[in-house]
Amino acid sequence: MNTPEKLIIFDTTLRDGEQSPGATMGQADKLRIAKQLERMGVDVIEAGFAASSPGDFAAIQAIAQVVKNSTVCSLARANLRDIEKAGLAIQAAPRKRIHTFIATSPLHMEKKLNLQPGQVIEAAVSAIREAKKYTDDIEFSCEDASRSEPEFLYRIIEAAIREGANTINIPDTVGYAVPSVFGEFIKNLREHVYNSDQAIWSVHCHNDLGLAVANSLSGVHFGGARQIECSINGLGERAGNCALEEVVMAVKTRKDFFNLGCYIDTRQLVPASKLVSSITGFPIQPNKAIVGANAFSHASGIHQDGVLKARDTYEIMTAEEVGWNTNKLVLGKLSGRSAFRQRVRELGIPTKSEEEINEAFARFKELADKKTDIFDEDIQSLFDEQYTEQQN
Ligand code: KIV
Ligand code: ZN
C-alpha cells in the first residue's frame, strides 16, 4: 500500500481564535496553549499577529523561544512594516514561518483596500520578497478567496509562488462556501496555476454557515489541499474556524476514505479543549463532537445494551483515544436493565439474585421519572431500601 500523503495541521487558536470577541489571552496563557499544541504534535502554530500590538509581538517572541518541534508562525498584512514585525517576533524559533495575506475579492479590493488588482499583486509580491529576508517558509493567503474571481486568483497565486511563497492558503473568510463547490474551487485553482506544484495548498474555512469542517475536508479530498487551518474548539472570528479536533478525528476515523497521514496525538485533544475553554471562559457545549461532555455518553437503554455487548455498536471511535478516561453510560429514565446491572456491579453492591436486581430496577425507573440526575448514591439507596423492607 502507498505511504499516505501528509496532512499538515496548522493551528490558529492563538491568532484567529483570539479574534473571537471576548477571547483575549495573556502571554502566559498563550504560552501554555502553545506548549499543549506542540505536545499534541501540531505542525504549525500561528502564534499571533506581531504588528497588531506590542503584547502580541511579545507573546509570539516568547513562544518562538520555547517551541522546538512545531513551526512558529506570525501573521502579517502585505506591507513592509508588518513583515518586519513578524520576522523579528519569530526570529528565535528553530522553524519559523511568515504568513502574509491580502484581500483578492472585487468587493474587498475596491471597498476596503481601494486598490486596483495590479496594485494588490504588487503588494503581495513585495511582501513575499521582504519576508524572504527572515525565513524560507512563507505562506501567502488570498483573503476572501471564495468570493474572488478565479482568473485573478491564478495571476496573483502564480506571482506569489514565483516570488517564493511555498504555501498557498485559500480562505473562505466569511464562511460562504459550500462543500462540493469549495473542493472543486481548489481543484480548479491547482489545475490552472501553472506553477501550482511548487507550493503546498491550504484551506482556511470559517463557520458562518456551520460548514467549516465540511468545507475543509472537501478542500482536502476533492481539491488536493494538504494543509488545514483550524483551531481548538473551533474558536475564531464570528462563528469561528474549522474545529481542529473534528477534522483530525474525521481524517483518522475515516482513513479508509481520506488516506492521509495525520500525526496528531489525539489523546491530547480533550486536554487541549479544556485548557482553551478554561483560559477563554468559553464553555464547551455538551453535544460538541469529540470534546463535548456527551460525545461518548449513552443514555438510551438500547444503546447502552449494545455498547455493553460491543462498544463499536454505537461508537465509531473510543473516548480514550481522544483523551477522555472512558465512555459513560448515563443512568436515567431511558436506561435499560443492562446498564443498571453494570453500574450495580461497578459500585460493588452485593446482590443475591436476579429478582433483587429486577425489583431495584423497577424502583429505579420510578425514581428516574421524577429525577433528571441519578447519582451513584441513589442507586445505592435503592438497595438499602429494598434490604430494609425485606428485613421488616
Ligand atoms: O479568514 C481569513 O481570511 C484569515 C486570513 C488572514 C488568512 O484569517
Ligand atoms: Zn480567518
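Author: Helices (H or I, at least four residues) and strands (E, at least two) are DSSP runs, numbered from the N terminus. Bear in mind that this is a predicted model, where local features need pLDDT of at least 70, side-chain atom pairs count only at pLDDT 80 or more, and totals for chains, interfaces and linings use all residues. Residues are numbered from 1 along each chain as its sequence is written, while chains are lettered from A and ligands numbered from 1 in the order in which they are written.

Reader: How do you know that strand 2 and strand 3 pair?

Author: Two bridges join them, and the strands run parallel; the rule asks for at least two, so they pair. As one example of who faces whom, D11 stands opposite I45 in strand 3. Getting from strand 2 to strand 3, the chain passes through helix 1, and this β-α-β crossover is right-handed.

Reader: What does right-handed mean there?

Author: With the strands pointing away from the viewer, the path from the first strand over the helix to the second runs clockwise.

Reader: And how many bridges join strand 3 to strand 4?

Author: Five, again with the strands parallel. I45 has V72 as its bridge partner in strand 4.

Reader: Why is strand 3 called largely enclosed?

Author: Six of its six residues, 44-49, are buried, so the rest of the structure largely encloses strand 3. Buried means 20 or more other C-beta atoms within 10 Å of a residue's own, against 12 or fewer for exposed and partly exposed in between, with C-beta atoms placed from the backbone. Across the protein, buried residues make up 45% of the 392.

Reader: Which residues does UniProt mark as "binding site"?

Author: The unreviewed entry lists D16, H204, H206 and N241. They are spread over 226 residues of sequence yet cluster in space, with a largest C-alpha distance of 10.3 Å. UniProt positions use the numbering here, feature names are shortened, and annotations may be inferred rather than shown by experiment.

Reader: What makes D16 buried, and H204 too?

Author: D16 has 24 C-beta neighbours inside 10 Å, so D16 counts as buried. H204 has 31, so H204 is buried as well. D16 sits in the loop between strand 2 and helix 1, whereas H204 belongs to strand 8 (residues 200-205). Leaving out residues up to four places away in sequence, D16 touches S231, G236, E237 and N241; on the same terms H204 touches S141, N169, P171 and E229. Touching means C-beta atoms, placed from the backbone, within 7 Å.

How values were computed:
Two residues are in contact if their C-beta atoms, placed from the backbone, lie within 7 Å.
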